[in-house]
Amino acid sequence: MDFNDTPEEAAFRAEARTWLDANAELLSPDESNANLLDERDDPDTIQSAKDWQKKKADSGWACLTWPTEYGGQGKTSIQSVIWNQEEARYKTPPNIYGIGLGMCGPTIMTHGTDEQRQRWLPEMLSGVKVWCQLFSEPSAGSDLAGLRSTAVPDGDDWIINGQKIWTTGAQFCDWGILVVRSDANVPKHSGLTYFVVDMHSPGIEIRPITQINGGQGFNEVFFTDVRIPDAQRLSEVGNGWAVAITTLMNERSSIGGGGGGGGIRDLIELARSVEVDGKPALEQSGVREKIATFYTRTKGLKLTGNRSLSALSQGKTPGPEASLGKLVGARLAQEMAAFAMELQGAAGALNDPDASPQAAEWQDRYLSIPGLRIAGGTDEILRNIISERVLGLPSEARADKGIAFRDIPSGPPSN
Ligand SMILES: Cc1cc2nc3c(=O)[nH]c(=O)nc-3n(C[C@H](O)[C@H](O)[C@H](O)COP(=O)(O)OP(=O)(O)OC[C@H]3O[C@@H](n4cnc5c(N)ncnc54)[C@H](O)[C@@H]3O)c2cc1C
């Protein structure tokens, strides 16, 4: 393992910093950019995110790893990581392009026709069009292949009916990737078809869901006789699962170590500023011990993440440690937020930026992090993956294997 930049990486980092210095403002130590579940449907915020993406695209700093034939820069994964590390140090609008650029784009590159790639990728890269992912349904999340929305052919079109849920950003998106059931007479993974849908199509109704932290990051999306031209089909009929796997693999790698366990500096600052038994909390041995434990775990997480970076830098594929980041990091971040709120005494119970220390950032984190432990694979699903693919333990028993979807005893599908 070597955590230092190579001379080429250092030169690339300097180049990135030069551009960022000229085009964005550095964050001060007590500032951070918006988090995962912030409300993002305010038109000014969306516009500022679009302006920032366009600026990057115009200057060759967008989609660094995309091939040049699709407008990317053909850079290495480690260069992309370096860019992300540098960009995170600057004040930037919320990233509304994670799903499009991180998941939809790579899926279209792998499975789309040339015509589809030319149609969708340039506007995705320059940020003109925003994309969402219409996979989860009320009865299909971890068990995604159990989804029930249907696609029925009608001439050159398909007619879509059903409901999606937890669709991040649907309220401001232009295009969506959609997996639906086209055949209920075959086992559940075999009867799915994958489409791209115009989110402004007649028959689509979007209802924002208000989260516990007050934000409206995601939505319910209802489809009533929505027409999708066959030219927007991304998989063979019935082979949508294979294409969905490409999207999900890209989702896991783009969320990666998202938990981060960040905020240790904020926690130390808080412990310095609040009192416990008439002394600054930081002078209490119990508090110091707890913070030291958080610090050690944060450092362990960071160094484990650095192993993946080191592998990327050497042109290797990161090992299983990459899948541990979200599982460990999200839980650590949640425990730190809970401890910070305890330190605040009565103010810890208030989610009010004017009344709670550090502008109620910890309260907001505490309410947002449970979402992180669910999105892109719940803790339990990640543990299953680790047990099966890393530890080689036997896989889960699957009672619905080999049975036609319509015969699985969980209620009839609608076609
Ligand atoms: C912040 C956020 C953003 C999201 N954005 C999107 C989006 O843009 N598009 C989209 O399509 N979806 C999105 N989702 C949905 C997300 O993919 C699902 O919530 C997730 O897959 C879990 O599915 P579920 O909510 O149906 O829970 P379920 O799958 O019903 O799980 C319920 C509980 O059962 C446990 N469980 C389920 N199966 C097993 C098993 N086999 N073994 C052990 N335990 C199990 C789970 O761990 C969980 O604790 C988002 C979710 C969140 C939180």
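**A walk through the chain**

Buried residues make up 34% of the 415 residues in the chain; a residue counts as buried if 20 or more other C-beta atoms, placed from the backbone, lie within 10 Å of its own. Please keep in mind that this is a predicted model, where local features need pLDDT of at least 70, side-chain atom pairs count only at pLDDT 80 or more, and totals for chains, interfaces and linings use all residues. Residues are numbered from 1 along each chain as its sequence is written.

Let us begin with the overall form. The C-alpha trace spans about 75 × 50 × 45 Å along its principal axes. For 415 residues, a compact globule would have a radius of gyration near 22 Å, and the chain agrees with this at 23 Å. That radius is taken over C-alpha atoms, and the globule rule is 2.2 Å times the number of residues to the power 0.38. The chain holds eleven helices and eleven strands, which are DSSP runs numbered from the N terminus (helices: H or I, at least four residues; strands: E, at least two).

Next come the domains, whose bounds are from an automatic or database domain assignment. Domain 1 covers 7-95, domain 2 covers 97-118 + 128-243 + 400-415, and domain 3 covers 256-377. Between the C-alpha centres of domain 1 and domain 2 there are 29 Å. Eleven residues of domain 1 and 14 residues of domain 2 take part in their contact, where two residues touch if their C-beta atoms, placed from the backbone, lie within 7 Å.

Strand S4 (residues 150-154) runs antiparallel to S5, joined by five bridges. Aspartate 154 faces aspartate 157 in S5. The two strands form a hairpin with two residues between them, and glycine 155 in the turn has a positive phi of about 60°. S5 also pairs with strand S9 (residues 218-229), again antiparallel, over ten bridges. There, tryptophan 158 has isoleucine 228 in S9 as its bridge partner.

Where does the ligand lie? Domain 2 and domain 3 both give residues to the shell around the ligand, so it lies between them. Of the 20 residues around the ligand, Phe135, Gly141, Ser142, Thr378 and Glu380 come nearest; a residue is near if its C-beta atom, placed from the backbone, lies within 6 Å. Strand S3 (131-134), strand S5 (157-168) and helix H11 (379-390) each give two or more residues to this shell.

Methods. Pairing = 2+ DSSP bridges. Buried ≥ 20, exposed ≤ 12 C-beta atoms within 10 Å, placed from the backbone.
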